[in-house]
Amino acid sequence: MSIEAKGINKRFGSFVALEDVDLTVASGALTALLGPSGGGKSTLLRIIAGLEEPDTGTVLIDGADSTQLPPQRRNVGFVFQHYAAFKHLSVFRNVAFGLEIRKTPKAEIDRRVTELLELVHLEQFGDRLPSQLSGGQRQRMALARALAVEPKVLLLDEPFGALDAQVRKELRDWLRRLHDEVHVTTVFVTHDQEEAMEVADELVVINHGRIEQVGSPDDVYDRPANSFVMGFLGPVTQLGGHTVRPHDIEVLTQAVTGAIGAEVTRMQRIGFEVRAELRADDGGEPWVQLTRGQAESLGLDVGSRVWLRPAPHASVLTSR
Amino acid sequence: MPKPTRPREEFQTPAVGVVGSRTTRTALRAVALLYVGILVLVPVLLVVWRTFKPGLGSFFDAITDPLAVHAFRLTGEVAGISVVLDTVFGIGVALLLVRYRFPGKRLLSAFIDLPVSVSPIVVGLALVLVYGSSGWFGGTLDRAGLQVINATPSLVIATVFVSLPLVVRAVVPVLEQAGNEQEQAAASLGARAWTQLWRITLPTIREAVTYGVVLSLARCLGEYGAVLVVSGNIEGRTETATLRIDNLYEADLQTDAAYAITFVLVLVAVVAILVAAYVRRRQEASSAA
C-alpha cells in the first residue's frame with residue numbers, strides 16, 4: 001500500500017517544522033526518513049499517522065485521501081520510540097488490544113497473538129507485564145501489537161533510539177528480516193545514517209523541514225545532492241577546494257600531476273582503521289582514512305611527505 | 001516527551017547516611033515523633049479514652065439514638081453523592097488541565113485550589129448568596145420547587161466544593177507523568193476516544209483516583225464549616241454527624257454522646273487513611289516498575 005504526502009506544511013508557533021514537503025513511498029518498500037533531530041522527520045511521520053494535522057497539504061494512503069481521517073480510521077501501525085506499552089496489560093493483552101476492540105472472536109485473537117508473539121520471539125513472555133521486559137523486548141512487543149491489526153502501512157518513530165548499541169544492532173537486522181517476511185509498507189524515522197543505510201531500501205534525507213534528497217542508500221551515499229547530505233551520511237574532509245570523503249582520498253608517495261603535496265601531522269589508530277591528519281601545501285588541513293595495512297605499506301608516520309588526490313570513483317562536491 | 005523507562009536501580013536514592021550524620025537523623029526523628037505525639041496521637045487517644053469512660057452501654061446508646069442515626073445516615077448520603085461527583089468531575093478537570101491547552105488554564109488551575117485556601121465558612125456564605133432564597137438563583141429555584149439551601153443539595157454542593165481539589169491534585173501528576181503516548185498508540189490501533197479513556201487512561205490513573213477519592217471521602221465525612229452555614233443546622237433534618245457533635249457538645253451539654261459520635265468519625269477517618277496509604281504504596285510500586 002503506497003503512501004503519498006503532497007505539499008505538506010506544518011508550523012509550531014513560529015517554528016517551521018515542514019515546508020512544502022512531497023513524499024512518495026512505494027507499496028511494500030522499507031523507507032527511512034533520515035535527518036538531524038528537530039529536522040521535521042518525526043512530524044512528517046506523525047502527520048502520515050494522523051497523530052498530527054498538517055497546516056496544508058494532503059496525505060494519501062493506498063491512493064485514498066486520508067488527510068481528514070482520524071488516526072483510528074487510517075489503519076496505520078505506529079511504533080513509538082519509548083514503546084508506549086500499555087503498562088497495565090500483559091504482553092499478550094497488549095498485542096491483542098487492536099483485535100479486542102474490533103470484537104474479533106476470542107479463538108481468532110488467541111491464534112493471531114500467539115502467531116505474532118512467535119514472530120517477535122516473545123512466545124515465552126505473553127503473561128508478563130511490559131515492566132518485566134527489557135527495552136528491546138518491549139519494542140518487539142510494540143511491533144507485534146502494531147502488526148496485529150494488519151495495518152496498511154507500518155510507521156516507526158526512532159524505534160531503536162532508546163536502546164543500547166548492541167540491542168539496536170540486533171533489532172535492525174531483525175526489522176530488515178521481518179520486513180522481508182511481512183512485506184508491509186514501512187517507514188521509519190532515524191537520525192543514525194548507518195542504521196538507515198543498513199536497513200532501508202530507500203532513504204529520504206530531511207533537514208530544516210525540507211527533503212534534501214531521496215534515493216537508494218548507495219545513490220545517496222555515492223551521489224549526494226549537496227554538502228549537507230554528503231556530510232550527514234558520512235565523514236567528509238576538504239581537499240584542494242573540494243569536499244570529499246576521507247576514505248576516497250588516494251595517498252601517494254610520489255608527486256603526480258593534479259595531486260596536492262602534504263605532510264602528516266598526526267596519526268591515530270582506531271581498531272583496523274588509521275586516521276591521518278595532514279597539512280597540505282595549499283594551506284588546507286585534510287584528513288584521510290586508511291586501513292592499517294594501507295598505512296603500513298605506505299610507511300606512513302608523522303612527518304611523512306605524501307601527495308593526495310581524490311580516488312577515481314570518489315564522490316566530490318566543489319566547495320562554495 | 002515521556003522519560004524512557006530506565007532500570008529501577010537508577011531511581012534509588014542514595015543511602016541515608018550520605019545525607020546526614022547519625023545524630024542529625026536521631027534529632028529529626030525526635031522532632032517528628034514529638035510533633036505527631038503531641039498534636040495528633042495524644043488528642044486522638046484521649047478521645048478514645050473519653051469515649052469509653054462512661055462505659056460501652058452508654059456508647060452504644062449514644063450512637064443508636066435516632067437523631068445520631070439520622071446524622072450518620074445524612075453524612076453517609078452526602079459523602080456518598082459527593083464522592084461520586086468528586087470522582088467524575090475530578091477526573092474530568094484533571095484531564096482538561098493536563099491534556100488540553102486553552103486560554104485561562106492557569107486561572108482554572110488556581111481556582112481548583114481555591115477551596116483549600118479559603119475558609120469553608122466563606123464557601124458556605126458564598127453558596128447562600130447564590131442559592132439562598134434571596135440569592136441569585138434563589139427565586140428561580142423556589143419557583144421550580146427546589147430547595148437548595150437548608151436542604152441536602154446545599155450540603156452536597158458545599159462538600160463537593162471543598163473536597164474536589166483532593167481528587168484533582170492526586171490525579172494530575174500521574175497523568176502528567178504518563179503522557180499520552182499510550183492513548184496515541186491505542187488510537188492508531190483503532191480505539192476511539194471513549195475506548196481510550198476506558199481501557200487506557202482510567203486503568204493508568206486508577207490508583208491515583210482511588211487515593212484521591214479516599215482522601216476526599218475523609219474530607220467529606222469531616223466537613224463542618226461550609227455545611228454549618230448552608231444547612232441551617234436543623235436537628236433531625238439537615239444535621240450531619242459533625243454538626244451533631246457540636247450541637248450535643250455546645251448546646252445540649254451531652255458531652256458523652258458527642259464523644260461517641262466523634263469516635264465513630266475518627267475510626268472511619270483512620271480506616272480511610274490506612275486505605276490511602278496502602279493504595280499509595282501500590283501506586284509507587286507500579287509506577288516504579
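The following dialogue considers how several features of this predicted model may be read.

Q: How many helices and strands does chain A have, and what box do its C-alpha atoms fill?

A: Chain A comprises nine helices and 18 strands. Taken along the principal axes, its C-alpha atoms fill a box of roughly 75 × 45 × 30 Å.

Q: What percentage of the residues in chain A is buried?

A: Burial is judged by counting neighbours: a residue is buried if 20 or more other C-beta atoms lie within 10 Å of its own. In chain A, 42% of the 320 residues are buried.

Q: Among contacts in chain A between residues at least 6 apart in sequence, what percentage joins residues at least 24 apart?

A: A contact requires C-beta atoms within 7 Å of each other. Of the contacts in chain A between residues at least 6 apart in sequence, 65% join residues at least 24 apart.

Q: With which residues is A:Leu44 in contact, leaving aside its neighbours within four places in sequence?

A: With those neighbours set aside, the contacts of A:Leu44 include A:Ala5, A:Ile8, A:Leu18 and A:Val21. A:Leu23, A:Leu33 and A:Ile206 are also in contact with A:Leu44.

Q: In what order do the five strands of the open sheet in chain A stand?

A: The order is 13-17-14-15-16, and the pairing is antiparallel. Strand 13 (249-252) and strand 16 (287-291) of chain A each have a single partner strand, so one side of each is left without a neighbour in the sheet. Neighbouring strands of this sheet are turned by 45 degrees against each other on average, direction ignored.

Q: How many bridges join strand 15 to strand 16 of chain A?

A: Strand 15 (residues 273-280) is joined to strand 16 of chain A by five bridges, and the two run antiparallel. A:Glu277 stands opposite A:Trp287, which belongs to strand 16 of chain A.

Q: Which elements of chain A give two or more residues to the side that touches chain B?

A: Across the two chains, 21 residues of chain A are in contact with 18 residues of chain B. The elements in question are strand 6 (76-79) and helix 2 (91-100) of chain A. Strand 6 of chain A gives the most, with three residues. The residues on this side of chain A divide into twelve nonpolar, six polar and three charged.

Methods
Residues numbered from 1 in each chain as written. Chains lettered and ligands numbered in written order. Predicted model: local features only at pLDDT ≥ 70, side-chain atom pairs only at ≥ 80, totals over all residues. Helix = DSSP H or I, 4+ residues; strand = E, 2+ residues; numbered from the N terminus. Buried ≥ 20, exposed ≤ 12 C-beta atoms within 10 Å, placed from the backbone. Pairing = 2+ DSSP bridges. Axes fitted to C-alpha atoms, helices over the stretch in contact; angles between N-to-C directions. Nonpolar A, V, L, I, M, F, W, Y, C, P; charged D, E, K, R; others polar.
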